[in-house]
Amino acid sequence: MPDPKLAQQRIGIVGLGLMGGSLAMALRGHCAHLVAIEPQPAVRLLAQQNNVVDAVTDDFAVGITDVDMLVFATPVRTTLNLLARLPTLRPDGCMVMDLGSTKQAVITAMNALPPTIRAIGGHPMCGKESSGLAAASADLYHNQVFVLCRSPQTTPDAEALALEMVATVRANPIFLEPGDHDHIVAAVSHLPYLVSAALMRVVADEREWDISASGFRDVSRLAGSDTRMMLDILMTNRPAILAALDDYQDDLDTFKRLLQDANETALTDWLAEARVRYAAYRRHRSARPSASGTDGNPDSNRGSG
């Protein structure tokens, strides 16, 4: 496919949840045809009623028949299963991209695809505590980091098309190696979810909720994330998440010892260091450019996720 352009593409989106639905809304009118593959009847009906896509089906084989570009917005293990079916269903090939929150397993699966299938991994660093098409919005990706991970199947035209799609949804692309991506998001995305979930399990009394305020609300927000999606993330990024949990537990153990010893000087230093780092983080975030397409340090352009 010489120099493909997004406006010429027939695009298929697998999954019309928050991410896939938002992508469909953002791409509407910017491509030649937009089809969704969605198993839930109620979601398909909602998509039809709101003209989210040009067509929607529950049949994966039928939905991908004529697409030029296929985007997986499904839980990671669902994506892995569907990728394995592509060589049989699309021997003529197409371009493939995913939006999964872990990348090493997906890129490994992409590497096994035949040369007729061009592929690149993706992960938009954005989201909400609410899930589903009803929560989707065309501006979800605006000014958010969109990580891209190359594979041996990433041809120059596939990369150019992915970058055009990211620009169209007004996100900021950054390239990472799959292993680096999984290590980083374990710390900045998956660990915060687990902290939020653990807090919600500990603070389970309605009397506590009655007097809670914005601090509890903000920290507990991620506990509302979709359970199936998060389980797939945890199971496909276990080594990196376990390492992040070890680091977090070590620091909590240090704090616990200081508190048990009533060591006010050391406790002050511990809290002050966290406050200084938070101030540096806020300065860094406020100074980040509005768009970036460079390889390198992801912290120079980190989105929320």
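Q: Is Cys-149 buried or exposed?

A: This is a predicted model, and what follows is computed from it. A residue is called buried when its relative accessible area is under 20%. Cys-149 has a relative accessibility of 0%, so it counts as buried.

Q: How many disulfides are there?

A: The idea is to look at the distance between cysteine sulfur atoms, which must lie within 2.5 Å. By this rule the count is zero. Cys-149 takes part in no disulfide, and the nearest cysteine sulfur, in Cys-126, lies 15 Å away. For Cys-94, the closest cysteine sulfur is that of Cys-31, and because the separation is 15 Å, it is too far for a bond. Cys-94 is also buried, at a relative accessible area of 3%.

Q: How should I read the overall form of the protein chain?

A: One begins with the elements and the dimensions. The protein chain contains twelve helices and eight strands. Its C-alpha trace spans about 70 × 40 × 35 Å along the principal axes. A compact globule of 305 residues would have a radius of gyration near 19 Å, and the value of 21 Å for the protein chain agrees with this. Of the 305 residues, 44% are buried.

Q: What share of the contacts joins residues at least 24 apart?

A: Here one asks how far apart in sequence two touching residues are. When contacts between residues at least 6 apart in sequence are considered, 68% join residues at least 24 apart.

Q: Why is helix α1 described as largely enclosed by the rest of the structure?

A: Helix α1 covers residues 18-27, and nine of its ten residues are buried, so the rest of the structure largely encloses it. Among the buried residues are Leu-18, Met-19, Leu-23 and Leu-27. Their cover includes the strands β1 (10-14), β2 (33-37), β4 (69-72) and β6 (118-124), together with the helix α6 (156-168). Just after α1, Gly-29 adopts a positive phi of about 90 degrees.

Q: Which residues touch the most other members of the largest nonpolar core?

A: A nonpolar core is read as a set of buried nonpolar residues whose side chains are joined by contacts. The largest one has 41 residues, and those touching the most other members are Ile-11, Leu-23, Met-97, Tyr-141, Phe-146 and Met-165. Two or more residues come from each of β1, α1, β2, α2 (41-49), β4, β5 (95-98), β7 (145-149) and α6. The greatest contribution is that of α1, with six residues.

Q: Which residues does Met-165 touch?

A: Residues up to four places away in sequence are set aside. Met-165 then touches Leu-6, Leu-23, Leu-27, Met-69, Val-71, Met-97 and Phe-146. There is also a second, separate core of 29 residues, which includes Ile-64, Ala-109, Leu-113 and Leu-176.

Q: Are the partners in other salt bridges buried or exposed?

A: Each partner is read separately. Arg-90 and Asp-92 meet in a salt bridge at 2.9 Å, N to O. Arg-90 counts as buried because its relative accessibility is 5%, whereas Asp-92, at 54%, counts as exposed. A further salt bridge links the side chains of Arg-207 and Asp-205 at 2.8 Å, N to O. In that pair, Arg-207 is exposed, with a relative accessible area of 64%, and Asp-205 is partly exposed, at 26%.

Q: Where is Ser-225 placed?

A: A residue in a loop is described by the elements on either side and by the contacts of its side chain. Ser-225 lies in the loop between α9 (214-220) and α10 (227-236). Its relative accessibility is 10%, so Ser-225 counts as buried. The side chain of Ser-225 reaches the backbone oxygen of Leu-222 at 2.8 Å.

Terms used
Residues are numbered from 1 along each chain as its sequence is written. This is a predicted model: local features need pLDDT of at least 70, side-chain atom pairs count only at pLDDT 80 or more; totals for chains, interfaces and linings use all residues. Side-chain values use heavy atoms; hydrogens and water are left out. A salt bridge is a side-chain nitrogen of Lys or Arg within 4 Å of a carboxyl oxygen of Asp or Glu. Buried means under 20% relative accessible area, exposed over 50%, partly exposed in between (1.4 Å probe, protein chains only). Helices (H or I, at least four residues) and strands (E, at least two) are DSSP runs, numbered from the N terminus. Contact means heavy atoms within 4.5 Å. A polar contact is a pair of N or O atoms within 3.5 Å; within protein, one must be able to donate a hydrogen and the other to accept it, and residues adjacent in sequence count only if both atoms are side-chain atoms. A nonpolar core is a set of buried Ala, Val, Leu, Ile, Met, Phe, Trp, Tyr and Cys residues joined through side-chain atoms within 4.5 Å. The radius of gyration is taken over C-alpha atoms; the globule rule is 2.2 Å times the number of residues to the power 0.38.
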